[in-house]
Amino acid sequence: MKSQPIRQANQLAVLKAACRKHGLPLTIQRTVILEALADREDHPAADQIYEAVRERLPSISRTTVYRVLETLVRIGLAVKTCTPGSSVRFDPRTERHHHLVCAQCDRVIDVLEPTLDRLVLPRARRAGFEIRDYSVHFRGLCGTCRQEKAGPSPTGTRRKQRGPRQLSGEGTS
Ligand SMILES: [Zn+2]
Ligand SMILES: [Zn+2]
């Protein structure tokens with residue numbers, strides 16, 4: 001039973017502890033932004049968090065939201081996940097996990113796959129590089145985009161359980 005996003009009940013306590021540890025005041029902005037992020041599994045971009053918190057904090061600026069998100073990453077309550085050609089996305093799930101990334105709609109879906117957590121790392125140290133962490137991104141098309149691409153089809157639903165790696169060369173008869 002690991003890897004649930006921080007739940008409402010204890011996220012305030014977690015934030016309090018992290019702020020104290022880093023000598024930061026517990027502000028309403030930090031609290032509201034963490035709550036907005038912790039509830040989501042869709043890996044929102046900073047602008048999406050900005051839109052979400054404006055209801056509760058109408059006067060908050062975009063810059064503040066960006067800055068607070070950076071702070072949450074720095075104190076270990078969120079991570080950034082970067083996908084090529086897309087904006088930085090924020091993730092409340094801070095332990096190692098992996099992602100399915102849709103090339104069409106930029107959807108990012110968590111993958112919890114123990115075998116991926118035990119990859120043999122390259123000997124990057126030879127090049128003076130110290131690997132501290134990693135995350136695997138699988139690029140492909142999500143179920144929604146695949147269905148849109150296939151168009152309405154009476155047999156289409158049969159195949160929607162397929163993984164995103166099977167992208168082409170099948171299915172349209
Ligand atoms: Zn998609
Ligand atoms: Zn994630």
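For burial I used a relative accessible area under 20%, with exposed meaning over 50% and partly exposed in between (1.4 Å probe, protein chains only). Helices here are DSSP runs of H or I, at least four residues long, numbered from the N terminus. This is a predicted model, so local features need pLDDT of at least 70 and side-chain atom pairs count only at pLDDT 80 or more, while totals for chains, interfaces and linings use all residues. Residues are numbered from 1 along each chain as its sequence is written, chains are lettered from A and ligands numbered from 1 in the order written, and side-chain values use heavy atoms, leaving out hydrogens and water.

I listed the buried residues of helix 2: Arg30, Thr31, Val32, Ile33, Leu34, Glu35, Ala36, Leu37 and Ala38.

Next I looked up the largest nonpolar core, which has 23 residues; Ile33, Ile49, Val53, Val65, Leu69, Leu72 and Ile75 touch the most other members. Helix 1 (8-21), helix 2, helix 3 and helix 4 each supply at least two residues of this core, and helix 2 gives the most, with five. Such a core is a set of buried Ala, Val, Leu, Ile, Met, Phe, Trp, Tyr and Cys residues joined through side-chain atoms within 4.5 Å.

I then picked Leu69 and skipped its neighbours within four places in sequence: Leu69 is in contact with Ile33, Leu37, Ala46, Ile49 and Phe90. Contact means heavy atoms within 4.5 Å.

**Helix 4**

I checked the length: helix 4 has 13 residues and spans 19 Å from first to last C-alpha, close to the 18 Å expected at 1.5 Å a residue. The expected span is 1.5 Å times one less than the number of residues.

Which residues of helix 4 are buried? I found Thr64, Val65, Val68, Leu69, Thr71 and Leu72. They cover an arc of only 160° around the axis, so they sit on the same side of helix 4; the arc is taken from the directions from the helix axis to the C-beta atoms. Gly76 follows helix 4, with a positive phi near 85°.

**Salt bridges**

I got nine salt bridges for the structure, each a side-chain nitrogen of Lys or Arg within 4 Å of a carboxyl oxygen of Asp or Glu.

Asp47 pairs with Arg62, closest N and O atoms 2.7 Å apart. Asp47 is in helix 3 (residues 46-53) and Arg62 in helix 4 (residues 62-74), so this pair ties together parts 15 residues apart in sequence. Both ends are partly exposed: Asp47 at 31% and Arg62 at 36%.

I also noted Arg54 with Glu51, at 2.9 Å between the closest N and O atoms. Glu41, Arg93 and Asp110 are linked in a salt-bridge network.

**Zinc site**

What coordinates the zinc ion (ligand 2)? I found His43 (NE2), Asp91 (OD), His97 (NE2), His99 (NE2) and Asp110 (OD), at 2.0 to 2.1 Å. Donors are N, O and S atoms within 2.8 Å of the metal (3.2 Å for Na, K and Ca); water is not among the atoms, so sites may look incomplete. The donor spacing in sequence reads H-x47-D-x5-H-x1-H-x10-D. His97 is buried at 5% relative accessible area, and His99 is buried at 2%.
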